[in-house]
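Hi,

Here is the structure I promised to send over. Have a look at it first, and then read on for what turned up.

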Amino acid sequence: MTRTTLVVVPVYGDLESLLRCVDGLVEHLDTDRHRVLLVNDCGPDADTIERALLDRTAGMPGFRYERNDHNLGFVGTCNRAVTELDAGADGEAVLLLNSDAVPTAGFLDAMLAVLDEDRTGVVTARSDNATIASIPHRLTNRGAARTEERTREVWSAIAPLLPASQVLPVAMGFCFLTRRELVTEHGLFDEAFAPGYGEENDYCLRIAAHGWLAKIANRALVLHAGGKSFSGNRNALRAAHQRLLESRYPFLPDAVAAYQRHGVTATERFADALVPSGATPRFAVDLRHVDDVAGWVAAVDAAFGPGFALEARLPAGTSAPAGWTVTPDAANPDDLVTAALLVDPSPAEVVAADRRALHLVVARTDAPAAPWSSRVHRTGADAIAGLVDDAADVVTARPDLTDAAERLRQRLAAPLADRSAALERRRAALLPLDLTAAEVAADSAADEVVRLRRELDDLRASRSFRTGQAIAKVAARLPGRR
């Protein structure tokens, strides 16, 4: 199905970002099929913006400019644009595009193709600044930022390796494509979320109750500055509207967390590590439970030191090896590393490494008849050895790690498509272990809450508690009590 599209751009401020958005539409939108509605929401520079917009779009077919009588906010402007200024017809699509978003080549065709998939109600695009839709999805450098250049580079490399679309809990509002017939049937944005933030999530979840899906179009890239066209206390507004969302849809935080855990593909999760950035690859080593720390450090240094930035988790009280970075246990870093070395790993250590490391190197100690008192038995490392070895990139035995280092370097030099496929196979193999660990952790947390509530109820039912309450009430009435 070939849909026509109404592209609505609410305009408030930040002229520079706005003109980049307009220029992107001029360059990449087929105005023989689609039309653009620019709506000035009467911000502080409304007149200046109006002159600039009219000048930029003068004589361009498919572009229309309107101005609100007064400021309506993002929610009100979108609703007015779609229901009053251009009611359109069923069968077409409506794209709500932030004025600080920059379209790239082919973005709308890719999004429309996904919108035409069965029961798809909303589609968003990949971006450099779109929370769960961002590329790179996670970063190898904790202090880095996603630049437009890096996002273009990584997206260009991995987009062909991703599925055309993925189902999301909710779509991102900066680039929000939906079906006109859904707006007609269910309305657009709830004014309870005025002037903005959270309205797109509410829309997605309202239509989801009728069987419609929110998806991401992996072949569409729309860059996004973020926050450039909105004034006021954004953080307070976000927090208030998030509370409103969660009161309506209590499952939403868990749904987003579940998507982050098992909805994201391994390729997008590790995109920043898959596509080399020029930085020295990071190699994480967990030596907290080995007997001979110095021996392992020497072996790792000899095999992996050249060409890798080594970092370790060490037993308490152990000095950092020369040239290594030490990661404190409490830090629990959530960034990515190129590879991780695990020694007789427990299930929990495998799950943590699978989430964080692009490549896994597993070392087996020479202990064929370990006693039941050993950590290998107590943590289940022996029980999952086969699963981990099948899923890992490299399996070796200490003390010689030279062959493991060479095999790792060969894997790093392999074609991107091969590395992506191997990563997805590993993720598929280890996902049941990851999901089980998450369920156990959730159950443990829930059990702890139940236990504490039971203790509190028992305390309240006790004679000493009731006696204490009575004494407190009498004491409160004594002269001089404040």
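Let's start with helix α5, where Arg150, Thr151, Val154, Trp155 and Ile158 are buried. Those residues span an arc of only 120 degrees around the axis, so they sit on the same side of α5. What do the buried residues of α5 pack against? Their partners are β6 (120–126), β9 (213–224), α10 (266–269) and α11.

Before going further, please keep in mind that this is a predicted model.

Arginine 150 is in helix α5 (residues 148–158) and aspartate 272 in helix α11 (residues 271–274), so the bridge links distant parts of the chain, 122 residues apart.

Over the whole structure, the search finds 32 salt bridges.

One is aspartate 109 with arginine 33, whose side chains form a salt bridge at 3.5 Å, N to O. Aspartate 109 belongs to helix α4, whereas arginine 33 is in the loop between α1 (15–28) and β2 (35–40); the two are 76 residues apart, and the pair links distant parts of the chain. Aspartate 109 is partly exposed, with a relative accessible area of 47%, and arginine 33 is partly exposed too, at 28%.

The other pair is glutamate 50 with arginine 67, a salt bridge of 3.1 Å, again N to O. Glutamate 50 sits in helix α2 (residues 46–57) and arginine 67 in strand β3 (residues 63–67), so this bridge ties together parts that are 17 residues apart in sequence. Here as well both residues count as partly exposed: glutamate 50 has a relative accessible area of 22%, and arginine 67 has a relative accessibility of 28%.

Now for the inside of the protein. The largest nonpolar core has 71 residues, and Val9, Leu25 and Met111 are the ones with the most contacts inside it. Which element gives this core its largest share? That is helix α4 (residues 107–115), with seven residues.

If you leave aside its neighbours within four places in sequence, methionine 111 is in contact with Leu95, Val123, Thr124, Ala125, Cys175, Leu177, Ala217 and Ala220.

Another cis peptide bond joins alanine 194 to proline 195, with omega at about 0 degrees; proline 195 is found in the loop between α6 (180–186) and α7 (199–208).

Then there are positive phi values in residues other than glycine. For aspartate 14, phi is near 55 degrees. Aspartate 14 lies in the loop between β1 (5–11) and α1 and is partly exposed, with a relative accessible area of 30%. For cysteine 42, phi is also near 55 degrees, and this residue lies in the loop between β2 and α2.

Finally, the overall numbers. The protein chain has 18 helices and 15 strands, and 48% of its 482 residues count as buried. Among contacts with a separation of 6 or more, 78% are between residues 24 or more positions apart. The chain exposes about 22,500 Å², of which carbon and sulfur atoms supply 53%.

Cheers

Terms used: Residues numbered from 1 in each chain as written. Predicted model: local features only at pLDDT ≥ 70, side-chain atom pairs only at ≥ 80, totals over all residues. Heavy atoms only, no water. Core = buried A, V, L, I, M, F, W, Y, C linked by side-chain atoms within 4.5 Å. Buried < 20%, exposed > 50% of the residue type's maximum accessible area, 1.4 Å probe, protein only. Helix = DSSP H or I, 4+ residues; strand = E, 2+ residues; numbered from the N terminus. Contact = heavy atoms within 4.5 Å. Salt bridge = Lys/Arg side-chain N within 4 Å of Asp/Glu carboxyl O. Areas by Shrake-Rupley, 256 points an atom, 1.4 Å probe, with all protein chains shown as cover. Arc of directions from axis to C-beta.
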